Each structure stands twice: as C-alpha cells, then as structure tokens.
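Please work through the exercises below with the sequence and the model side by side, trying each task before reading its solution.

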Amino acid sequence: MAKDPKGKKRPALAISFRTYVRGHPWEDSTAGDFAADAKADKSFPEITTWGDLKVYLHGLGAADAAMVTARSVWRRYKTSQREHSKDA
C-alpha cells in the first residue's frame, strides 16, 4: 500500500483500461494506432476483461491483426496494474 503524506497506508488506485489507453504515452506502432483509435472512439466503453474488449472489437468488425494488437495492449495494461499494485 502507498502512504499518504502523514505516513498512513492507503490503497493503490487502479485505473481503468480506457483511462490507461487514453493517457499512456504510446510509441509509433500498432499499439499506438490502437490507442489513437480508442481515443477517437467517443463510445469506447469501460472494459474490465479481455473478453469484453474482444466482444466490443468484434462488434466493430475489427480485423485479426487489430485483435492481436488489442490483446497485446490488454496484456501491457494488466502488467502495469500488477506492477502498480506491487509499488503501492
């Protein structure tokens, strides 16, 4: 757990996938392209599982390559959340 300025423990704040994608500094890559598309998509939902993201993207008619990239971004998000919780 992280500590507040008075030294008391406080729980770590997890961020949503949507917030992660929209706020992460993406490189010039397929992951960056995915993030740019997600940022531009005003109806991009709050995603809580890979299954949710997969269903949403299938509904949009995403190509196989886009699904591979989305899976990679999802894994990076989950890794960042685990690392954040370790630091807390």
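The exercises that follow treat salt bridges, a charged residue and a pocket.

This is a predicted model, in which local features need pLDDT of at least 70 and side-chain atom pairs count only at pLDDT 80 or more, while totals for chains, interfaces and linings use all residues. Residues are numbered from 1 along each chain as its sequence is written, and side-chain values use heavy atoms, with hydrogens and water left out.

**Exercise 1**

Find the salt bridges of the structure, and say which parts of the chain each pair links.

Solution. A salt bridge is a side-chain nitrogen of Lys or Arg within 4 Å of a carboxyl oxygen of Asp or Glu, and the structure holds two of them.

Step 1: Arginine 18 pairs with glutamate 46, their closest N and O atoms being 2.6 Å apart. This pair links distant parts of the chain, since arginine 18 lies in helix α1 (residues 17-23) and glutamate 46 in the loop between α2 and α3, 28 residues apart.

Step 2: Glutamate 27 and arginine 76 meet in the other salt bridge, at 3.2 Å from N to O. Here too distant parts of the chain are linked, with glutamate 27 in the loop between α1 and α2 and arginine 76 in helix α4 (residues 64-87), 49 residues apart.

Step 3: Exposure is judged by relative accessible area, where buried means under 20%, exposed over 50%, and partly exposed in between (1.4 Å probe, protein chains only). Arginine 18 counts as partly exposed because its relative accessibility is 24%, and glutamate 46 is partly exposed at 42%. Glutamate 27 is partly exposed at 37%, as is arginine 76 at 30%.

**Exercise 2**

Locate aspartate 41 and decide whether it is buried or exposed.

Solution. Step 1: Aspartate 41 sits in the loop between α2 (30-40) and α3 (50-59).

Step 2: Aspartate 41 is buried yet has no salt bridge, and the nearest side chain of opposite charge, arginine 22, is 6.1 Å away.

Step 3: Leaving out residues up to four places away in sequence, aspartate 41 touches Arg22, Tyr56 and Leu60, where contact means heavy atoms within 4.5 Å.

**Exercise 3**

Describe the lining of the largest pocket by its elements and its residue classes.

Solution. Step 1: The elements that give two or more residues to this lining are α2 and α4, and the largest share, five residues, comes from α2.

Step 2: By class, the lining of the largest pocket has eight nonpolar, two polar and three charged residues.

Definitions and conventions: Helices (H or I, at least four residues) and strands (E, at least two) are DSSP runs, numbered from the N terminus. Lys and Arg count as positive and Asp and Glu as negative; His and the chain ends are not counted. Ala, Val, Leu, Ile, Met, Phe, Trp, Tyr, Cys and Pro count as nonpolar, Asp, Glu, Lys and Arg as charged, and the others, Gly among them, as polar.
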